[in-house]
Amino acid sequence: MPQTKFLLDESEIPSHWYNVVADMPKPPAPPLGPDGKPVGPDALSAIFPQSLIEQEMSAERWIAIPEKVREIYRLWRPSPLFRAHRLEAALGTPAKIYYKYEGVSPAGSHKVNTSVAQAYYNAEAGIKRIATETGAGQWGCSMALAGQMFGLEVRVYMVKVSYNQKPYRRSMMQTWGAEVFASPSTETASGRAALAESADNPGSLGLAISEAVEDAASRADTSYALGSVLNHVLLHQTVIGLEAKKQFEKAGDYPDMIFAPCGGGSNFGGVAFPFLADKAAGKNVRLVAVEPASCPTLTRGHYAYDFGDTAKLTPMMLMYTLGHDFMPPGIHAGGLRYHGDSALVSQLYHEKLLEAVAVQQLATFEAGVRFARAEGIVPAPESNHAIAACIDEALRCKESGEAKTLFFNLSGHGHFDMAAYDSYFAGKLEDFAYPEAAIQAALERLPKVA
């Protein structure tokens with residue numbers, strides 16, 4: 001019988017993270033302060049430990065993974081690479097489809113790859129408490145778990161629409177000892193200001209980030225932790241792509257196209273960046289970021305300096321953005337509802353080394369159900385975006401007769417997202433095509449940077 005799973009031994013967990021900055025054609029643009037001037041490491045010291053600041057600014061190609069982090073990674077890493085034989089048959093495609101399954105982690109998604117690393121470095125620096133935000137709750141769960149492993153208190157500001165949509169992710173965070181507040185909350189000045197303006201504000205990742213950053217900056221014993229966007233977060237996620245390259249060697253194959261969901265960029269960067277080095281060396285591999293049509297940052301955003309949060313507390317980054325005060329619709333893929341994108345992903349997309357597509361909500365759930373009925377795993381709504389784009393390409397291969405090798409990152413399971421599937425089956429979900437006028441209005445409020 002043809003092989004389905006391609007597994008690595010625990011000894012093959014990567015010993016180093018891969019830093020894509022070392023192989024970028026141009027160095028990354030610097031973050032800017034409110035005065036429009038580049039900021040140095042000191043500007044981040046109020047909310048991050050020195051070790052993470054160094055990783056954020058590093059241009060070293062390889063950064064060693066601490067042994068204590070690798071020891072915890074062994075609980076679920078290396079994650080399996082699957083050949084989707086049953087999905088291929090169901091689609092009738094000549095394409096070969098592979099997926100790497102990050103839902104085997106204790107928190108059920110790829111987010112633990114960086115939460116464990118961030119908790120380790122904060123604990124080493126003597127930090128006692130972490131403040132963070134979460135959209136769909138996967139990052140909040142991952143940070144709560146990592147905090148428990150390293151003896152850190154964790155407070156999570158959860159986007160209100162997801163707080164109400166996904167109560168069991170909230171329960172998971174509390175099980176691992178975290179405090180969870182619906183954002184906007186009354187706990188911070190930025191939250192209170194948002195509620196004063198609109199009492200029924202559904203929240204956004206940008207607003208939840210403002211609350212968490214404000215919280216962290218107000219206490220000397222507290223650091224801020226971010227689940228995506230920043231360079232060091234994408235760095236930690238490269239264990240996914242590094243393992244996948246070894247697994248493709250075992251399979252005697254190599255992907256023609258790689259798909260991953262893209263909100264802030266950690267999921268996509270984690271799987272795609274290690275293959276980008278191959279692309280630079282002449283490999284003909286296409287790297288496709290897949291985003292929601294309701295939050296079309298790469299496909300309809302503007303490449304400009306913008307704040308990472310609604311209250312403008314963070315430095316400005318050069319990125320594709322829909323505007324820091326963009327308020328996305330309450331789609332069920334809460335982890336992808338972010339106004340901006342990783343500066344690294346944005347720059348590489350701007351330089352045409354990456355591709356991006358946007359998909360509608362109903363199509364993603366249709367793809368997720370199709371995948372589950374063939375392969376057995378119920379995917380998270382975020383993961384459904386990559387599945388939808390991959391299936392579309394597999395069906396194009398069916399029409400053309402091309403036997404491409406397609407690979408996507410199945411970044412998490414959907415066991416706590418069944419209310420979203422219920423809504424889909426009941427016909428209650430709808431597509432959101434964000435109005436161009438609303439996007440333009442938000443872009444007009446971008447900071448003016450020379």
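**Sheets, domains and pockets of the predicted model**

An open sheet of four strands, with parallel pairing throughout the order β8-β7-β6-β9, is found in the model; two strands are taken to pair if DSSP finds at least two bridges between them, and helices (H or I, at least four residues) and strands (E, at least two) are DSSP runs numbered from the N terminus. Each of the strands β8 (179–183) and β9 (222–225) has a single partner and stands at an edge, so one side of each is left without a neighbour in the sheet. Neighbouring strands of this sheet are turned by 20° against each other on average, direction ignored. The structure is a predicted model, in which local features need pLDDT of at least 70, side-chain atom pairs count only at pLDDT 80 or more, and totals for chains, interfaces and linings use all residues. Residues are numbered from 1 along each chain as its sequence is written, and side-chain values use heavy atoms, with hydrogens and water left out.

Strand β10 (residues 257–261) pairs with strand β15 (residues 405–410) in the parallel sense over three bridges, and Ile-258 stands opposite Phe-407 in β15.

The domain assignment gives domain 1 (67–108 + 231–444) and domain 2 (128–220), the bounds coming from an automatic or database domain assignment. The centres of domain 1 and domain 2, taken over C-alpha atoms, are separated by 23 Å, and their contact takes 28 residues from domain 1 and 29 residues from domain 2.

The largest pocket has a volume of about 490 Å³; on a 1 Å grid over the protein atoms alone, a pocket is an open set of points where a 1.4 Å probe fits, with protein on both sides within 12 Å along at least five of seven lines, and lining residues have an atom within 4 Å of a point. Grid points are joined across faces, edges and corners, and a volume is the space filled by probe spheres set on the points. Of the 29 residues that line the largest pocket, Pro-31, Glu-56, Leu-230, Asn-231 and Met-317 are the closest to its centre.

The second largest pocket holds about 280 Å³ of space, and among its 15 lining residues Ala-194, Glu-197, Asn-201, Leu-207 and Thr-310 lie nearest the centre. Helix α8 (residues 189–197) supplies the largest share of this lining, namely four residues. Domain 1 and domain 2 both give residues to the lining of the second largest pocket, so this pocket lies between them.

Terms used: Axes fitted to C-alpha atoms, helices over the stretch in contact; angles between N-to-C directions. Contact = heavy atoms within 4.5 Å.
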